[in-house]
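Hi everyone, thanks for coming. I'd like to walk you through the side-chain packing in one model, so please have a look at it with me.

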Amino acid sequence: MSDNKQKTDIELLEEISNNDTTAINELIVRYRGTVETIAQKYVGSPLEKDDLVQEGMIGLLAAIKSYNSKKGTEFVTYASRCINNSVQTALRKFSRLKDIPQANIVTLDEDFFEGRTVLSAEDEYLAKESVSTLTEVLYEGLSSFENEVLRLHIVGCSYTEIAEKLGKNPKSIDNAIQRIRKKLDRVTF
């Protein structure tokens, strides 16, 4: 688009399906605030806020990868659910529910999106499975270095900043990002 009109989520998702990485970055920037808002609800849990945000960003990536507009749900609703589910799954895995105060656990049945369509049980299940698959790929398929690069990239660090923090050169960071993208492209939901 040559004009200054902001692209819709659907337009960006279509571009992503055509392997446009700038569209992925634009959606990530657009939904960063949503991720932080959802992560904020769990501050005080066993995970630190940065970890909660990272888990939320994993949920956002899963939503981007698995969203199907034909299901009748707006992307914002679907993404919010995936983000929330990803954070909850991380919390459950971290403490196996024994250390989480029940007041901090949000069930899938609660509707935080007044006036928006609620996902069907089937869609919630599929979204949760997609997030679980992506989480598994990230934890088992990426090296610890790649996981750290991805975490820093998701929270908005530039290649140079990541390189400085990890004691590497920017080219090795770029190579790691390319390997991560290739691994994520092979994920099927």
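**Rings, core and a buried glutamine**

Let's start with a charge and a ring: the charged end of Lys168 sits over the ring of Phe145, 5.4 Å from its centre. By "over" I mean that NZ of Lys or CZ of Arg is within 6 Å of the ring centre and within 35 degrees of the ring normal.

Some ground rules, since this is a predicted model: local features need pLDDT of at least 70 and side-chain atom pairs count only at pLDDT 80 or more, while totals for chains, interfaces and linings use all residues. Residues are numbered from 1 along each chain as its sequence is written, and side-chain values use heavy atoms, leaving out hydrogens and water.

Now, how many aromatic pairs does the structure hold? There are 3. Rings of Phe, Tyr and Trp (its six-membered ring) pair if their centres lie within 6.5 Å; planes under 30 degrees apart are stacked, over 60 edge-to-face, and the rest tilted. Tyr67 and Phe75 are edge-to-face, because their planes stand at 90°, with the ring centres 5.2 Å apart. Tyr67 also pairs with Tyr78, this time tilted, at 5.6 Å centre to centre and 55° between the planes. Tyr67 lies in the loop between helix H3 (49–66) and helix H4 (75–95), and Tyr78 in helix H4, so this pair ties together parts 11 residues apart in sequence. Helices here are DSSP runs (H or I, at least four residues), numbered from the N terminus.

Phe75 is buried at 3%, Tyr78 at 8% and Tyr67 at 15%.

Phe75 leads us to the largest nonpolar core, which has 44 residues. Such a core is a set of buried Ala, Val, Leu, Ile, Met, Phe, Trp, Tyr and Cys residues joined through side-chain atoms within 4.5 Å. Leu27, Leu60, Ile64 and Phe75 have the most contacts inside it, and H4 gives the most to this core, with 9 residues.

Last stop: Gln54, in helix H3. Gln54 is buried too, at 13% relative accessibility, and beyond its neighbours within four places in sequence, Gln54 is in contact with Asn147 and Arg151.

Note on methods: Buried means under 20% relative accessible area, exposed over 50%, partly exposed in between (1.4 Å probe, protein chains only). Helices (H or I, at least four residues) and strands (E, at least two) are DSSP runs, numbered from the N terminus. Contact means heavy atoms within 4.5 Å.
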